[in-house]
Amino acid sequence: MKIAVCVKSVPDTEAKINIAPDQVGIDRANVRFVTSPYDEFAIEEALRLKEKLGGETTVFSLGGDEVTEVLRDTLARGVDSAVHIKDAEFDDADPLTTAKVLAAAIKDGGFDLVFCGQQGVGGDHNQVPSMLAELLDMPQSTLVVKLEVADGKFKAEREIEGAHELVEGSLPAVISAQKGLNEPRYPSIKGVMAARRKEISVKDAAALGLSGQLSPDKRKVKRIQLTMPPARPQGKMIDGEPEVQAKTLAKLLREEAKII
Amino acid sequence: MAQGILVFIEQRNGQIRKASLEALSEARRFCSKSGEPLVALLVGENIKDLSTSISRYKPDKVLVVDSAAFAKYSTEGYADALTAAVKNVDPRYVLAANTSMSKDLIPRVAARLDAPCVADVAELRESNGAWQAVHPMYSGKAWGIYEFNSPLAFLTLRPNVFPAAEPDEAHQALVEELAVTPAKVRASVVEVHAAAGAKIELSEARIIVSGGRGIKGPENWPVLQELCDALGAALGASRAVVDAGWIDHQYQVGQTGKTVSPQLYIAVGISGAIQHLAGMSSSKVIVAINSNPEAPIFKSATYGIVGDCFQILPKFTEECRKMLSEN
Ligand SMILES: Cc1cc2nc3c(=O)[nH]c(=O)nc-3n(C[C@H](O)[C@H](O)[C@H](O)COP(=O)(O)OP(=O)(O)OC[C@H]3O[C@@H](n4cnc5c(N)ncnc54)[C@H](O)[C@@H]3O)c2cc1C
Ligand SMILES: Nc1ncnc2c1ncn2[C@@H]1O[C@H](COP(=O)(O)O)[C@@H](O)[C@H]1O
């Protein structure tokens, strides 16, 4: 079983977000970069499958230097090898561009499964896995909370509104992980030591045969601005005995907010 | 030249998603202004009758793809249907509600047609007759504003944010069938299990009552459920209580749970961590009930009550019941 895992390096969810002077990006100073939380489920599922069925795992990440640490962490958890895709041409890639780059890196690898997180936190796009499946011409299941793989087939349970859906399909396939799929492990000391000896292969646009094709001027969607969301109006505190508080709240919701 | 809007209408078991009608209403507003055509797409089996209720939201045309091949959802089958509709209509924009079906389907079709997509749009702005899409990022801590440079673009709209129009009983859209045979379906839905207990879908609820660690234990859910029943609200939860096993992940609101935008969000015994706010800060009115006056949730609250939720909630539920019965 050959398994690919796509991992994105993202600002720590606790990080305070400041907008950069260009008003389009975030100020990256003092921001700690971590593995996108959903990607941890993707990594864990890949490792469990490998432990069960044998084979090898490769992690792919597109990004700048902030990716290195995330790749080391992924290797330390037990993934066999890492590919870092890095090129200024791919800076600020939108989801379609990201999917094209990842597809170029993954397509000839003979992978049976490609794992992603359901969402790269920060960008919060929820798009790359489905796009990647299309570009790799593979079936897919997204938002997966339970997975079984056997005999060239997969059974996935995915979360939908008010229900779970059972999807059956054939391999190779793209799977995106939702919270609940598993409990990710932490890297062991031994794993961290072993990861130091593993090599991270770095690929640029030329190595992927994409020179000049996906540069920022060719993009079909562009972020023109990043702003702070409108501030919520100053709230009201309701004082008094519990009885009075309860009454006042009900009254405000009816007469002022006009909701009940 | 590409013109107008195609709206993908989501239905399951003959039930149309409310959020799809919100998207259709938003598209109607745009097309009425620009004078461009508006087409709604309905995919499934034995769903032709639904075109009547869609018609009331005033599309010019309802395209219906109706065959046994679409009885159950499959990404590839539905992608074939949507692709065929896009080729038939040649729109500038394809709209859908941001749901778990859309998250699966829309980016796949966008990639197939080499078109850009902005998902989870919370606001649409017009500039020179085109849309700019506002997409909340970094857990809602910032908003990205996007512009398209493409004859075709896909957008999925956050449920409960865009108002649905008043249905117009008199409007009669043209209804047209589109024959589609899926080319290659290598994965499809074989079964659907309804989640136990969930009565009202969180992401579409008008009112949500959510509980956090402050409710002390799972034995106290009935206190919140009574309020839900009184208000016709959906029940939600913080991650802390999901992780503690007090309730299923289905109910979790926040960064690793659901994003919701109800008219009213009542946070009971929830501290207001940034990851929780990520999922609910676009709610219209936020009520916080918390015993700690320093709890960060009060910074986001429209109405705040410092106090013990067990003293306040039953009385508040009683008040609401009284109010609603008197009308
Ligand atoms: C990557 C990541 C993702 C996350 N995703 C999510 C997510 O999706 N959703 C989410 O919710 N969290 C998420 N979290 C967790 C988040 O950081 C908080 O830990 C969590 O929201 C806290 O839940 P809580 O408010 O219920 O508990 P606590 O923080 O323990 O707060 C309990 C509150 O109850 C109050 N209280 C106690 N007794 C009473 C009483 N009798 N009456 C009234 N109030 C009382 C206390 O004052 C306190 O404010 C995530 C964290 C990380 C790192
Ligand atoms: N730059 C990237 N490098 C590697 N994988 C990525 C990248 N961006 C997104 N992905 C994958 O796609 C998933 C969904 O991301 P997104 O569509 O950006 O929300 C992530 O959880 C990753 O698995």
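Visitor: Which residues is Arg223(A) in contact with, leaving aside its neighbours within four places in sequence?

Guide: Arg223(A) is in contact with Val24(A), Gly25(A), Met137(B), Gly144(B), Ile145(B) and Tyr146(B), where contact means heavy atoms within 4.5 Å. This is a predicted model, in which local features need pLDDT of at least 70, side-chain atom pairs count only at pLDDT 80 or more, and totals for chains, interfaces and linings use all residues. Residues are numbered from 1 along each chain as its sequence is written, chains are lettered from A and ligands numbered from 1 in the order in which they are written, and side-chain values use heavy atoms, with hydrogens and water left out.

Visitor: Why is Arg223(A) called partly exposed?

Guide: Its relative accessible area is 22%. Buried means under 20%, exposed over 50%, and partly exposed in between, with a 1.4 Å probe and protein chains only. Arg223(A) is therefore partly exposed.

Visitor: What makes the pairing of the side chains of Arg223(A) and Tyr146(B) a polar contact?

Guide: The contact is 3.3 Å. A polar contact is a pair of N or O atoms within 3.5 Å; within protein, one must be able to donate a hydrogen and the other to accept it, and residues adjacent in sequence count only if both atoms are side-chain atoms. The value of 3.3 Å therefore meets the distance limit. A polar atom of the Arg223(A) side chain also lies 2.9 Å from the backbone oxygen of Val24(A).

Visitor: Why is Asn220(B) called buried?

Guide: Asn220(B) has a relative accessible area of 17%, and is therefore buried under the limit of 20%. Leaving aside its neighbours within four places in sequence, Asn220(B) is in contact with Ile215(B) and Phe310(B).

Visitor: Why is the site of ligand 1 called shared between chains?

Guide: The site is shared because residues from chains A and B surround ligand 1. A residue is near a molecule or strand if one of its heavy atoms lies within 4 Å of it. In total, 27 residues surround ligand 1, and Ser238(B), Thr256(B), Ser271(B), Gln275(B) and Asn290(B) are the closest.

Visitor: Which polar atoms lie 2.8 Å or 2.7 Å from an oxygen atom of ligand 1?

Guide: A backbone N or O atom of Arg213(B) lies at 2.8 Å, as does a polar side-chain atom of Gln252(B). For Ser271(B), a polar side-chain atom lies 2.7 Å from a ligand oxygen.
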